[in-house]
Amino acid sequence: MATSEDSNTLFPIFIFSILALPLVPYTIFQLYHLATKKAKITKCQCSVCLQSGKYRKSIFRRISNFSTYSNLTLLMLWVIMVLLAYHIKSSSHEVEVFEPFSILGLEHGATDSEIKKAYRRLSIQYHPDKNPDPEAHNYFVEYISKAYQALTDPISRENFEKYGHPDGRQGLQMGIALPQFLLNIDGTSGAVNLLGIVGICIILPLVMAVMYLSRSSKYTGNYVLKHTLSAYFYLMKPSLAPSKVMDVFIKAAEYMEIPVRRSDGEPLQRLFVLVRSELNLDLKNIKQEQAKFWKQHPALVKTELLVQAQLTRESGCLSPSLQRDFRRILEVAPRLLEELMKMAVLQRPPHGHGWLRPAIGVVELSQSIIQAVPLSARKPAGGSLEGIAPFLQLPHFSETALKKLARKKIRTFEDFRDLTQQDRFDLLTKTAGFTPLQSHDVETVLEMLPKITFDIKCETEGEEAIQEGDIVTMRGWVTLNRTNHKIRALPHCPNYPFHKEENFWLLLADPTSNSVWISQKVSFMDESAALIAAPKVIRESKEWAGATPKELNLAVKEAVEKVRSGSRLVIGRFLAPEEGTYNLTLFCLSDSWLGCDTKMSLKLKVLKRTRAGTRGGGTVEEGGGGVEDGGEEEEVEEDELYDDDESEYSEDEADVEEEEHDEIVEGGSHDDDEEYEKED
């Protein structure tokens with residue numbers, strides 16, 4: 001057994017090893033992830049984004065971005081490891097080799113007379129009778145005497161030459177990797193040490209685990225409070241208009257926890273005057289509407305006004321305390337909108353479908369918040385179903401500039417994008433009054449706008465036709481294209497102060513019944529995950545179909561090339577409905593960009609189920625896939641359906657006009673308002 005001093009030096013080595021085993025690979029993984037993320041993600045380089053300071057690499061921003069709990073914990077653990085390494089290096093000592101000639105101060109090959117003379121000389125200096133120092137006594141017994149014996153006694157010399165020590169073979173020394181105070185247990189100190197061990201090793205981890213579980217039990221995997229999900233589920237309705245989505249969105253539990261201070265009253269009153277036109281108040285009864293608005297829960301009033309400050313770009317008038325609340329609201333908004341979207345497309349009985357109308361409203365609200373565009377700007381105008389909202393996301397655009405462009409018959413955002421670069425430059429500089437630099441900024445943002453294309457089929461695996469009750473598989477590729485040929489890019493959103501990655505919602509829906517059959521979130525930011533998932537699915541499907549190894553490898557290679565070129569594999573399944581032909585629409589909605597949503601018509605033909613063991617002779621239309629592709633944004637009837645189901649904000653104005661003549665509609669509207677008041 002080793003001495004207590006040796007055991008005490010083993011404890012830091014033990015702790016160092018325990019820390020190094022997980023810490024080193026985790027640090028390497030984080031550094032690799034950071035390097036690859038910085039290398040591939042493209043950021044907007046327009047002057048508006050650069051001047052906003054959103055991507056400015058200042059020392060303070062770097063410190064704030066670095067100062068997360070995980071990074072600070074990682075740094076603290078590395079500091080502990082460095083201190084332990086220094087302590088181990090300074091406290092460790094080399095193993096001393098027993099050298100009798102060196103101890104006696106002689107050279108190898110000394111004669112017996114020289115050995116005796118050296119022994120007498122050292123005895124006078126270290127012998128207990130000559131030197132009362134205890135250390136001198138130990139040195140004389142452990143070293144000088146044994147060295148003299150090893151060189152003069154035949155047996156000791158033989159042991160030294162054979163084993164390296166005059167006493168013969170030495171036993172193996174073992175130590176306990178515990179600090180010395182834990183090894184010296186006696187009396188009261190032993191009880192204290194025992195309590196300390198129990199407290200640190202048992203009670204403290206249990207307390208931390210209980211605190212973590214009690215806190216994590218309140219949140220979902222997306223860091224959203226469960227109370228928020230229950231509120232969203234209760235308030236979500238199939239006929240929820242886009243203008244009413246805001247009323248559901250602000251009722252999140254995260255926003256209800258925001259403090260309402262007395263000092264916020266006057267700044268909120270000024271903000272109310274600035275955004276009053278966006279609050280859907282009845283101007284004919286403005287006093288009653290204002291009183292009704294301020295009677296809501298103070299947290300709801302504050303949240304809605306701060307969200308409207310983002311939409312109208314009036315955040316500059318906020319006080320410092322409101323600025324902090326404003327940033328807090330915007331920081332959690334993408335997560336809340338994602339959960340609200342999940343509630344809209346949640347499969348519900350009896351058919352297991354979600355709701356299209358509120359889903360489109362949630363996406364529209366997300367686009368408006370990220371791009372800081374008022375909801376009123378989405379009203380159809382000048383032949384455009386989305387109004388002037390897509391133009392307002394471009395840098396330097398305003399309503400005045402749009403009026404000038406309208407004189408040149410630029411009615412829609414698609415017309416503006418279809419112009420050549422030179423025609424746009426001449427139009428912006430000569431008609432709208434833009435400078436060459438401002439026109440270059442517009443071109444930079446237009447090059448980043450995504451364009452989505454589909455290659456989707458719906459079929460029953462292993463069958464030629466789709467019958468009632470079949471499990472229909474929607475499988476295909478969604479491809480992202482940009483003019484600048486970039487795949488991973490952050491959207492242009494200088495008025496949104498946080499890092500935002502663009503996502504897309506793929507919806508297979510039936511606009512006539514307001515139902516969503518399949519919903520899937522598609523992201524083009526994580527290429528590594530897609531490179532793993534897509535080839536795996538392709539390989540499994542080909543193996544199930546009995547493909548040869550050569551065909552299998554070719555299909556996997558093709559899938560990898562598609563992923564790297566900007567495509568993502570999407571798969572969804574649904575239960576075939578009753579016999580009939582269904583005119584479905586495949587939507588791909590962006591949560592960050594305005595005017596970039598894409599849709600495609602799909603015609604699904606379902607045959608009547610025959611007796612068991614046989615299949616009907618009917619085939620699905622459009623190449624046997626059960627789907628008939630239609631041109632994107634081409635059919636007039638399809639545009640009318642999309643207009644109806646997207647619930648553009650002109651519908652809300654029509655509803656207001658109908659309320660003056662239709663008592664039933666008016667009564668229903670007031671009932672809804674009273675219901676919201678009771679909930680508040």
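Mentor: Let's start with one cut-off: a residue is buried when its relative accessible area is under 20%, exposed when over 50%, and partly exposed in between. Keep in mind, too, that this is a predicted model.

Trainee: What makes the contact between E443 and R424 a salt bridge?

Mentor: The nitrogen-to-oxygen distance between their side chains is 2.8 Å. The cut-off is 4 Å, so the pair qualifies. E443 lies in helix α23 (residues 436–448) and R424 in helix α22 (residues 421–431), 19 residues apart, so this pair links distant parts of the chain.

Trainee: Which residues do salt bridges with shared partners join into one network?

Mentor: That network is made of R261, D264, K302 and D325. The total for the model is 15 salt bridges.

Trainee: How do you know that K342 and E338 form a salt bridge?

Mentor: Use the same test: their side chains meet at 3.7 Å, N to O, which is within 4 Å, so the name applies. The two residues are four apart in helix α17 (residues 320–344), so about one helical turn separates them.

Trainee: And what is the distance for K342 and E339?

Mentor: For K342 and E339 the value is 3.6 Å, N to O, again within the 4 Å limit. These two are three residues apart in α17, so about one helical turn lies between them as well.

Trainee: Why is K342 called partly exposed?

Mentor: K342 has a relative accessible area of 36%.

Trainee: Let's turn to strands. What is the strand order in the open sheet?

Mentor: The order is β2-β3-β6, three strands with antiparallel pairing. On average the twist is 20° from one strand to the next.

Trainee: Why are β2 and β6 called edge strands?

Mentor: Each of them, β2 (451–459) and β6 (567–575), pairs on one side only.

Trainee: How do you know that β2 and β3 pair?

Mentor: Nine bridges join β2 to β3 (residues 471–481), in the antiparallel sense. At least two are needed, so the pairing stands. You can look at F454, which stands opposite V478 in β3. Helix α24 (residues 527–544) packs on this sheet, touching β3 and β6, and its direction makes about 55° with that of β6.

Trainee: What makes a set of residues a nonpolar core?

Mentor: Its members are buried nonpolar residues, joined through side-chain atoms within 4.5 Å. The largest such core here has 61 residues, and F249, Y255, L305 and L507 have the most contacts inside it. Among the elements giving two or more residues are α12 (242–249), α16 (298–311) and β7 (580–590). Helix α17 gives the most, with 12 residues.

Trainee: What does L305 touch, beyond residues up to four places away in sequence?

Mentor: L305 touches L268, L271, F272, V275, L279, F293 and W294. There is also a second, separate core of 29 residues, with C44, A432, F434 and M448 among them.

Notes
Residues are numbered from 1 along each chain as its sequence is written. This is a predicted model: local features need pLDDT of at least 70, side-chain atom pairs count only at pLDDT 80 or more; totals for chains, interfaces and linings use all residues. Side-chain values use heavy atoms; hydrogens and water are left out. Axes are lines fitted to C-alpha atoms, for helices over the stretch in contact, and angles run from 0 to 180 degrees between N-to-C directions. Contact means heavy atoms within 4.5 Å. Buried means under 20% relative accessible area, exposed over 50%, partly exposed in between (1.4 Å probe, protein chains only).
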